[in-house]
Amino acid sequence: MTNLATIESARVDLPAGALEDLRAEVRGAVLEPADPGQQEVRAVFNAMHPSNPALTVRCSGTADVIAAVNFARKHGLTLAVRGGGHSIAGLSAVQGGMLLDLAAMRGVHVDSERRMAVVQGGALWADVDRETQAYGLVAPGGVVSDTGVAGLTLGGGYGWVRRKYGLSVDALVEAQVVCADGQVRTASAESNPDLFWALRGGGGNFGVVTSFTFALQPLGPVVGFSATFYPVEEIAEILRGWREFVTDAPHEVTSVVVTITFPANPELPEAIHDREVAIVGGVYAGDPEEGLRVMAPLRELGTPLFDMSGPTPFTQVQSGFDPLFPRNALRAYWKSQYLDELSDGAIDVLADLARNRPAPLTLVNAFHMGGAIADVDPEATAFSERAAPFMVSIDGMWDDPADDADAIAWVRSAWAAVGEFGNGAVYLNFTGLADEARSAGVDTAFGRNLERLAKVKAKYDPDNFFHVNHNIQPA
């Protein structure tokens, strides 16, 4: 076994017998590139960041993670951690180094009486939703069920119930973390509170989280779901009407506007097949019929091409966008920007961008924030942007590598145009990387919390062993 990438960007040959020792210590598979088990490793989402590790450990539990972290540290190896593998920035991929694949660690245990769920670090949100919805409970997750719990949560975590129940990090009550020294630490309000604070928004900078404990809230299994498809030609009018509605919407309503060229689907009307559309979506965290009544204005913003609103199982809402985000098929480069107001000028820019997207699956999206997100003090967790009522994301997605340069340039140009109306802060989970450093966006994402994060990083990872992430330099 030779030629592994090291933390210092050099190469190293493992000593004789080192790999055999690791295999003896680890219960899961330890794989070299030619081993047949490689096809069982969880695929990444972003095809622009393929992973070519020299060594892969498919961890079966926390003990395997400890052994793998100790091995990588001892030999100075670059280490990447793959929870769900959905990192837009390619942070669950590594070239020539060592990969921890947590896909086998996807267990979810729900205590319905205490309204708590313990979730392993390799679980997807589909795993969590399946178990929690059996009890009519929810942990605030994402809007694509194939997303990993770990990456979404550690980066903040926006989902369909964010305005009622907050971010994923706001529901986190405890985490089990394997730190750079190979020690397992419990992070909670009572145990290692500085680490607990940093994990809630600080990304994968502080260790490998092998389990998350979430507080659960009542929801479903059926929710009021609003989903209306409008012609993209009407996007400016739609955004103005949407802005008027969400400004006074109750916290129970979480809404988004997505612009896309919708792929032909035989199960849906031809009117939206390969059609440029604006989809106005909304979920009501409460009585489904009351929710549909409250959200009725979202279905009257323009000329509907198709309306699939109605009482809907929450698991279907969560997985509804999954087909648009297949693994290892699309090349993705995203940028985001928070807006303190959605002005007419901002709407005009968004409308122009939405009508001139360079690829069918490149999205221009507007998210309504506020509600429970803003009820948390910006210094209570590492995730600092709590006040902005809107976020815009420019989700560049295409399939031909030959289009990389043009697609990335378009996203950057669009992001700059939106930035004229933004407050400067970004959402790191929606921050793609091409030729940027891994620290790109870290300063604006964390703002005044960055100095404190750097101190916590210095305490738990002084050598920056965990650096394949939106990296925070140790103080």
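User: Where is Asp274 placed?
Analyst: In this predicted model, Asp274 belongs to the loop between strand 15 (253–262) and strand 16 (275–284).

User: Is Asp274 buried or exposed there?
Analyst: Asp274 has a relative accessible area of 56%, so it counts as exposed.

User: What is the phi of Asp274?
Analyst: The phi of Asp274 is positive, about 50°, although the residue is not a glycine. Most residues other than glycine have a negative phi.

User: And what about the phi of Asn328?
Analyst: Asn328, which is not glycine either, has a positive phi near 55°. This residue sits in the loop between helix 10 (314–319) and strand 19 (331–339). With a relative accessible area of 46%, Asn328 is partly exposed.

User: New topic: which residues does the cis peptide bond join?
Analyst: The bond between Gly220 and Pro221 is cis, with an omega of about 10°. Most peptide bonds are trans. Pro221 itself lies in the loop between strand 13 (217–218) and strand 14 (222–231).

User: Let us turn to helices. At what angle do helix 8 and helix 11 pack?
Analyst: Helix 8 (residues 235–247) and helix 11 (residues 344–355) pack at about 135°, and their axes are 9 Å apart. Angles over 145 degrees would count as roughly antiparallel; the two helices are therefore oblique to each other.

User: Which handedness does the crossing of helix 8 and helix 11 have?
Analyst: Their crossing is right-handed.

User: Which residues in helix 8 and helix 11 meet?
Analyst: Helix 8 contributes Ile235, Ala236, Leu239, Arg240 and Arg243. On the side of helix 11, the partners are Asp344, Ile347, Asp348, Leu350, Ala351, Ala354 and Arg355. Sorted by class, this contact has seven nonpolar and five charged residues, with no polar ones.

User: What is Met397 in contact with, beyond its neighbours in sequence?
Analyst: Leaving aside residues within four places in sequence, the contacts of Met397 include Phe45, Phe325, Leu330, Trp334, Ala359 and Leu361. Arg331, Ala332, Thr362 and Leu363 are also in contact with Met397.

User: In which strand is Thr213 found?
Analyst: Thr213 is part of strand 12 (residues 208–215). Its relative accessibility is 13%, and buried means under 20%, so Thr213 counts as buried.

User: What does Thr213 touch?
Analyst: Not counting residues up to four places away in sequence, Thr213 touches Met116, Ala117, Val118, Ala171, Leu172, Val173 and Glu174.

User: Last one: is Arg58 buried or exposed?
Analyst: Arg58 is buried, because its relative accessible area is 18%. It is found in strand 4 (residues 55–58).

User: Which residues does Arg58 touch?
Analyst: With residues up to four places away in sequence not counted, Arg58 touches Gly28, Ala29, Leu31, Glu40, Val41, Asp64 and Asp101.

User: How many Å separate the C-alpha atoms of Arg58 and Thr78?
Analyst: Those C-alpha atoms are 16 Å from each other, and the two residues are 20 residues apart along the chain.

Notes:
Residues numbered from 1 in each chain as written. Predicted model: local features only at pLDDT ≥ 70, side-chain atom pairs only at ≥ 80, totals over all residues. Heavy atoms only, no water. Axes fitted to C-alpha atoms, helices over the stretch in contact; angles between N-to-C directions. Helix = DSSP H or I, 4+ residues; strand = E, 2+ residues; numbered from the N terminus. Parallel < 35°, antiparallel > 145°, perpendicular 65-115°, else oblique. Left-handed = near helix turned anticlockwise from the far one by under 90°. Contact = heavy atoms within 4.5 Å. Nonpolar A, V, L, I, M, F, W, Y, C, P; charged D, E, K, R; others polar. Buried < 20%, exposed > 50% of the residue type's maximum accessible area, 1.4 Å probe, protein only.
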